[in-house]
Amino acid sequence: MNYACLCGSGTDYNKCCGPYIAGLAAPTAEALMRSRYTAHCLKDTIYLSETLDSKSRLREDFESEEVLNTDLKWVGLEILNTSEGNLDDEIGTVEFVAKYKADGNFGVHHERSNFQREAGRWVCVGGEINPKQDQRIVKKIGRNELCPCRSGKKYKKCCATKLKKS
């Protein structure tokens, strides 16, 4: 049966996540992340367990309500960022947002997941839920500094005065 993959790639399931869930090793951290999302949609607890690192696999309970909750429906995946995790890498990070519907309400799960190779296969080694965004540092311009517009005037006599008039 052919249908669009649940991970949102726009590719047929049998050419996207299907082969990985069937046992083929995912080539990248992002491919593993997408297939794990698809496995959550399908409630495939065996695949979810097999794609965790060996330490986490011992601790994780895949009979939990979160995975098997019949009222929870995953409705979309958006990959926000990837770092490393390519064919030649040993570690990688994938930041994503997964949308779901539970008890008639929509929700969002935002996570930055970490991946590594274990015995040549990508596995999930945990992550950070609702990661903080990188802080943007803005330098405050002193009144007596040269104006950043490069007019050669002091800020207080140039753009600062224009801002006050607005």
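Predicted model: local features only at pLDDT ≥ 70, side-chain atom pairs only at ≥ 80, totals over all residues.
Colleague: What makes up the protein, in helices and strands?

Modeller: The protein has 6 helices and 4 strands. Starting at the N terminus, the elements come in the order α-α-α-α-α-β-β-β-β-α.

Colleague: How do you know that strand 1 and strand 2 are paired?

Modeller: Pairing takes at least two bridges, and 10 bridges join strand 1 (residues 73–84) to strand 2 (residues 91–102). Within the pair, Ile79 stands opposite Phe96, and Ser83 stands opposite Thr93.

Colleague: What lies between strand 1 and strand 2 in the hairpin?

Modeller: There are 6 residues between the two strands of the hairpin. In the turn, Gly85 has a positive phi of about 75 degrees.

Colleague: What is the strand order of the sheet?

Modeller: The order is 1-2-3-4 in an open sheet of 4 strands, with antiparallel pairing.

Colleague: Which strands are called edge strands?

Modeller: Strand 1 and strand 4 (121–129) are the edge strands, as each pairs on one side only. On average, neighbouring strands of this sheet are turned by 30 degrees against each other, direction ignored.

Colleague: Which helix packs on the sheet, and which strands does that helix touch?

Modeller: Helix 2 (residues 29–42) packs on the sheet and touches strand 1, strand 2, strand 3 (105–118) and strand 4. The direction of helix 2 makes about 165 degrees with that of strand 1.

Colleague: How do you know that the length of helix 2 agrees with its number of residues?

Modeller: Helix 2 has 14 residues, which at 1.5 Å a residue should span 20 Å. The end C-alpha atoms of helix 2 are 20 Å apart, so the two values agree.

Colleague: Why is helix 2 called largely enclosed?

Modeller: Because 11 of its 14 residues are buried, helix 2 is largely enclosed by the rest of the structure. Among the buried ones are Ala29, Leu32, Met33, Arg36, Tyr37 and His40. For the protein as a whole, buried residues make up 36% of the 166 residues.

Colleague: What is the accessible surface of the protein?

Modeller: The accessible surface comes to about 11,100 Å², and 49% of that belongs to carbon and sulfur atoms.

Colleague: Why is Lys43 called partly exposed?

Modeller: The class runs between 20% and 50%. Lys43 has 26% relative accessibility, so the label is partly exposed. Lys43 lies in the loop between helix 2 and helix 3 (45–50).

Colleague: What makes the phi of Lys43 worth a remark?

Modeller: Most residues other than glycine have a negative phi. Lys43 is not a glycine, yet its phi is positive, near 60 degrees. Glu84 is also listed with a positive phi, of about 55 degrees, although it is not a glycine. Glu84 belongs to strand 1. At 44% relative accessibility, Glu84 counts as partly exposed.

Colleague: What about Cys17 and Cys5?

Modeller: The sulfur of Cys17 is 3.5 Å from that of Cys5, its closest cysteine sulfur, so this pair is too far for a bond. Cys17 is buried, with a relative accessible area of 1%. The count of disulfides is 0.

Colleague: Which residues does Tyr3 contact, leaving aside its neighbours within four places in sequence?

Modeller: Tyr3 is in contact with Thr11, Asp12 and Tyr13. Its C-alpha atom is 8.0 Å from that of Asn14, a residue 11 places away in sequence. Tyr3 lies in the segment before helix 1 (18–21).

Colleague: Is Tyr3 buried or partly exposed?

Modeller: Buried would need a value under 20%. Tyr3 has 31% relative accessibility, so Tyr3 counts as partly exposed.

Technical notes: Residues numbered from 1 in each chain as written. Heavy atoms only, no water. Axes fitted to C-alpha atoms, helices over the stretch in contact; angles between N-to-C directions. Contact = heavy atoms within 4.5 Å. Expected span 1.5 Å × (residues − 1). Buried < 20%, exposed > 50% of the residue type's maximum accessible area, 1.4 Å probe, protein only. Areas by Shrake-Rupley, 256 points an atom, 1.4 Å probe, with all protein chains shown as cover. Disulfide = S-S within 2.5 Å.
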